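Please read the following note with the sequence and the model side by side. The points go from the overall fold to single residues.

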Amino acid sequence: MRWAVPFHTDRAPGLMQYTSPDTVVGRTKEPTGKMDYWMRQVSADRSELTITSFADESRTKVQSSLVLDRIR
């Protein structure tokens, strides 16, 4: 991963990295101390956004995946 951008939401601080022009991966630390690992990816035709949550830092164990379609 090339570089990281820290961010802070109302809930928790985090860190995100652009791994390609259409993919962002990151982690967010919950107030409970639990770390959430995630990825956001836009399809090549820009019609879908896939949001994936992972159980591990290496992002190999998928917890959930949500695909959002653009309405045309």
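1. Order of elements. From the N terminus on, the protein runs β-β-β-β-β-β. The secondary structure comes to zero helices and six strands. Here helices (H or I, at least four residues) and strands (E, at least two) are DSSP runs, numbered from the N terminus.

2. Basis of the note. This is a predicted model, in which local features need pLDDT of at least 70, side-chain atom pairs count only at pLDDT 80 or more, and totals for chains, interfaces and linings use all residues. Residues are numbered from 1 along each chain as its sequence is written, and side-chain values use heavy atoms, with hydrogens and water left out.

3. Surface and burial. The accessible surface of the protein comes to about 5300 Å², and 55% of this surface belongs to carbon and sulfur atoms. Accessible areas come from the Shrake-Rupley method with a 1.4 Å probe; for residues, only the protein chains shown count as cover. Of the 72 residues, 24% count as buried. Buried means under 20% relative accessible area, exposed over 50%, and partly exposed in between (1.4 Å probe, protein chains only).

4. Contacts along the chain. Among contacts between residues at least 6 apart in sequence, 9% join residues at least 24 apart. A contact means heavy atoms within 4.5 Å.

5. Strands E2 and E3. Strand E2 (residues 13-20) and strand E3 (residues 23-29) run antiparallel and are joined by six bridges. Two strands are said to pair if DSSP finds at least two bridges between them. A hairpin of two residues connects E2 to E3. Within this pairing, Met16 stands opposite Gly26 in E3.

6. Gly26. Is Gly26 buried or exposed? Gly26 is buried, because its relative accessible area is 2%. Leaving aside neighbours within four places in sequence, Gly26 is in contact with Leu15, Met16, Asp36, Tyr37, Trp38 and Arg59. The C-alpha atoms of Gly26 and Asp36 are separated by 8.3 Å, and these residues are 10 apart along the chain.

7. Strands E4, E5 and E6. E4 and E5 pair in the antiparallel sense over six bridges, and in this pairing Val42 stands opposite Leu49 in E5. E5 and E6 also pair in the antiparallel sense, over seven bridges. Here the bridge partner of Thr52 is Ser65 in E6. As a general point, the side chains in a regular strand alternate between the two faces of the sheet.

8. The turn between E4 and E5. E4 and E5 form a hairpin with five residues between them, and Arg46 in the turn has a positive phi of about 65°. Most residues other than glycine have a negative phi. Arg46 counts as partly exposed, because its relative accessibility is 43%. A positive phi, near 60°, is also found in Arg59, which lies in the loop between E5 and E6.

9. Ser43 and Ser47. Ser43 lies in the loop between E4 and E5, and Ser47 lies in the loop between strand E4 (35-42) and strand E5 (48-54). The side chain of Ser43 reaches the backbone nitrogen of Ser47 at 3.2 Å. A polar contact of 2.7 Å joins the side chains of Ser47 and Asp45. A polar contact is a pair of N or O atoms within 3.5 Å; within protein, one must be able to donate a hydrogen and the other to accept it, and residues adjacent in sequence count only if both atoms are side-chain atoms. Ser47 counts as buried, because its relative accessibility is 14%.

10. Arg70. Where is Arg70 placed? The residue is in the segment after strand E6 (62-69). Arg70 counts as exposed, because its relative accessibility is 55%. Leaving aside neighbours within four places in sequence, Arg70 is in contact with Arg46 and Ser47. The C-alpha atoms of Arg70 and Ser47 are separated by 5.1 Å, although the residues are 23 apart along the chain.

11. The salt bridge. How many salt bridges does the rule give? The count comes to one salt bridge, in which the side chains of Lys34 and Asp36 meet (2.4 Å, N to O). A salt bridge is a side-chain nitrogen of Lys or Arg within 4 Å of a carboxyl oxygen of Asp or Glu. Lys34 is partly exposed, because its relative accessible area is 43%.
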